[in-house]
Every structure is written in C-alpha cells, then in structure tokens.
Amino acid sequence: MKTRKLGNNLEVSAIGLGCMGMSFAYDPLPDKREMISLIHSAYEMGESFFDTAEIYGPYTNEELVGKAVSSFRDKVVIATKFGFNIVDGKQAGTNSSPKQIRKVVEESLRRLKTDYIDLLYQHRVDPNVPIEDVAGTVKDLIKEGKVTHFGLSEAGVDTIRRAHAEQTVTAIQSEYSLWWRHPEKELIPTLEELGIGLVPFSPLGKGYLTGALNGNSTFSNKDFRSILPRFTTEALTANQAVVHLLTRIAKEKNAAPAQIALAWLLAQKPWIAPIPGTTKLHRLQENLNSVDVELTSDNLKEIEEASSKIIFTKDRYPEALERTTGL
C-alpha cells in the first residue's frame with residue numbers, strides 16, 4: 001500500500017478505513033465478528049489508518065476498533081474524536097471543555113486498549129470554548145504521551161489558524177468528494193499554506209458515488225441517510241449526472257466508479273488521505289486498489305469540465321445539523 005504524510009510527520013496508508021458504519025448510522029448493522037475480520041483483512045492488505053470516534057455507537061465503535069487492532073496496535077494509526085456531550089446514549093450538544101477532553105481521552109484509551117492516540121480530533125467546533133483552550137489541552141496531552149497528533153474536523157479556516165498557532169495541527173477532517181467540493185474554496189489553500197494534511201470523510205458520498213444508489217433506493221428510519229436532503233428520491237434521481245460521469249471514466253479505465261472517485265481525490269494533493277467506509281470485503285479491496293488507478297491530465301481535465309456543469313439538488317445535511325452533526 002502506498003503511503004502519504006499528514007502534516008510534518010504522520011505517515012498513513014494512502015487510503016484509510018472509516019469504521020463508523022461498522023457499528024453506527026447505517027442499517028442493518030453488520031456482525032461484530034465479521035467487522036473485526038474485515039479490519040484484520042484491511043491491515044493484511046496494507047491499510048494502516050483507522051478512523052473512529054466516541055460518538056459512534058456511542059462508544060461501541062471504539063471498542064470494536066480497539067479489539068480488532070490489538071495484535072498489531074503499534075503498526076497502525078488510530079484516529080478518534082472528542083467534542084460532544086452524550087446523554088442516555090445520544091448526542092446532546094457540543095462540549096470541548098478541558099475537563100471533558102481529558103475525560104473522553106481517558107475513556108477512549110481504555111476502549112481502544114492502548115496507552116496513546118495517534119491522531120485526536122475535535123469532532124466539531126464548540127462555540128462555547130475558545131479553540132486556544134482546546135488546542136492547549138491537547139498540547140498538554142501530547143506532552144503527557146497520551147496523544148501524538150492533533151486534528152480538527154469540519155473547522156473553519158480562522159479556527160484552524162488559531163488552533164495551529166497554539167498547537168501544531170496535523171490534519172483536518174472534512175467531507176470532500178466530487179459531490180461536495182466546498183473545501184476547495186478556502187480550506188485546501190489554507191491547509192497547503194500551513195502544511196496541514198486533509199482527511200476526507202464520505203469520499204464516496206455516503207455510498208452514492210459508487211453507483212449503487214438511485215431514485216428507487218430507500219432507507220429505513222435507522223439509517224441516518226433517511227433524514228439527509230441529498231438522499232430523497234428527488235435528489236437521488238436528479239444528481240445521477242455525477243454517477244454517469246464516474247461510470248463513463250471507469251469503463252475507460254477498466255475500473256469501478258468508486259475507484260475513479262477516490263483516484264480523483266488522491267490526484268488533488270499529495271497530502272490528502274481519504275477514509276472511505278465499508279462493511280464488505282470486496283468493496284474494501286476495490287477501495288484499496290484505487291491507489292493504482294492512474295488518472296491522466298486529460299482524464300482530470302475531463303472530470304473537471306464535466307463536473308463543473310453539474311448543479312446538485314439539495315444540501316448534504318438538514319440546516320439544523322449542518323454544523324453540529326458528528327457524522
């Protein structure tokens with residue numbers, strides 16, 4: 001597996017594994033033993049970057065990842081996140097107070113069966129806690145050896161600059177794909193200037209860019225996509241143009257649409273490492289093989305010209321969840 005560097009010195013597999021869907025957010029949830037086996041397979045195939053969070057479950061995803069990687073813990077990078085209150089098993093607003101951060105880290109270390117977290121993200125910016133206090137707390141945790149690298153998820157550029165001035169930020173996690181290109185406006189130029197890596201989550205549009213979904217697709221009320229504007233029947237139908245584009249390029253390359261979507265991301269910057277999630281072995285292999293899909297300058301130009309003409313129907317989240325969701 002090819003590797004990439006986030007920030008100055010965090011080396012990760014070029015494709016990471018987003019583990020959220022193994023125990024949270026999608027329906028039906030897979031068997032835990034099968035997911036542990038899948039993580040083992042990912043490691044054997046060269047994947048070394050595993051992403052989780054306390055809110056996924058809550059808690060169960062960290063426990064799953066911790067158990068799965070225990071026999072090769074020192075050979076992989078684990079990323080997890082803090083930043084929410086959890087009440088009666090549900091997300092209950094943001095909380096990044098120094099006391100809460102320390103509490104979450106201790107609990108995450110226990111669930112992950114480790115004594116250090118490679119990459120610790122603030123999951124969402126807390127408007128009630130200055131980012132300097134957040135960064136300062138993580139800085140102390142780094143000095144104590146409990147955390148190795150600091151990251152932020154879905155943070156604005158001003159917040160990133162302020163945090164980075166207090167404690168070096170290694171990576172920013174943000175949604176980024178051919179159907180969500182908002183980071184290109186301000187985020188990516190800022191990260192390039194500061195030398196910070198980018199970890200795109202939902203790089204396959206929560207499954208949409210694989211070509212497996214269309215206007216006939218439905219989701220149970222246990223599947224969080226059921227509340228997302230872009231997964232209504234109208235939007236699933238109207239946004240097919242991007243899937244058609246990926247499918248056309250994929251046929252030329254003897255590849256899958258998902259591989260083209262991931263190869264496109266990898267081609268944007270050498271310090272981008274996407275974390276597609278999956279619960280299926282064949283999809284895992286497909287995603288990992290995307291590192292070997294070579295997109296020529298003509299391919300990239302064609303994708304750029306065609307995608308620039310696509311106007312997507314609906315937003316990615318309901319307005320009330322846009323800045324607060326942990327998904």
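This is a predicted model: local features need pLDDT of at least 70, side-chain atom pairs count only at pLDDT 80 or more; totals for chains, interfaces and linings use all residues.
## Cis peptide bonds

Most residues other than glycine have a negative phi, and most peptide bonds are trans. The bond joining Asp27 to Pro28 is cis, its omega being near 0°. Pro28 is placed in the loop that runs between β3 (17-18) and α1 (32-44).

The bond from Gly57 to Pro58 is also cis, with omega near -5°. Pro58 belongs to the loop between β4 (49-51) and α2 (60-69).

Ser202 is not a glycine, yet its phi is positive, at about 50°. This serine is found in the loop between β11 (197-201) and α7 (233-238). Ser202 counts as buried because its relative accessibility, 16%, falls under the 20% limit.

Asn254 likewise has a positive phi, near 55°, without being a glycine. The loop between α8 (240-253) and α9 (257-268) contains Asn254. With a relative accessible area of 75%, Asn254 is exposed, since the threshold for that class is over 50%.

## Aromatic pairs

The structure holds 8 aromatic pairs. One of them joins Tyr43 and Phe72, whose rings are stacked at 3.9 Å centre to centre with 0° between the planes. Tyr43 is part of helix α1 and Phe72 of the loop between α2 and β5 (77-82), so this contact ties together parts that are 29 residues apart in sequence. Tyr43 counts as partly exposed at 26% relative accessibility, whereas Phe72 counts as buried at 6%.

The rings of Tyr176 and Trp264 have centres 5.7 Å apart; their planes meet at 55°, so the pair is tilted. Distant parts of the chain are linked by this pair: Tyr176 lies in the loop between β10 (169-175) and α6 (187-194), and Trp264 lies in helix α9, 88 residues apart. Tyr176 is buried, with a relative accessible area of 1%, and Trp264 is buried, with a value of 1%.

## Ring cluster and charges over rings

Ring pairs join Trp179, Tyr208, Phe219, Phe231 and Phe312 into a cluster.

Conventions
Residues are numbered from 1 along each chain as its sequence is written. Side-chain values use heavy atoms; hydrogens and water are left out. Helices (H or I, at least four residues) and strands (E, at least two) are DSSP runs, numbered from the N terminus. Buried means under 20% relative accessible area, exposed over 50%, partly exposed in between (1.4 Å probe, protein chains only). Rings of Phe, Tyr and Trp (its six-membered ring) pair if their centres lie within 6.5 Å; planes under 30 degrees apart count as stacked, over 60 as edge-to-face and the rest as tilted.
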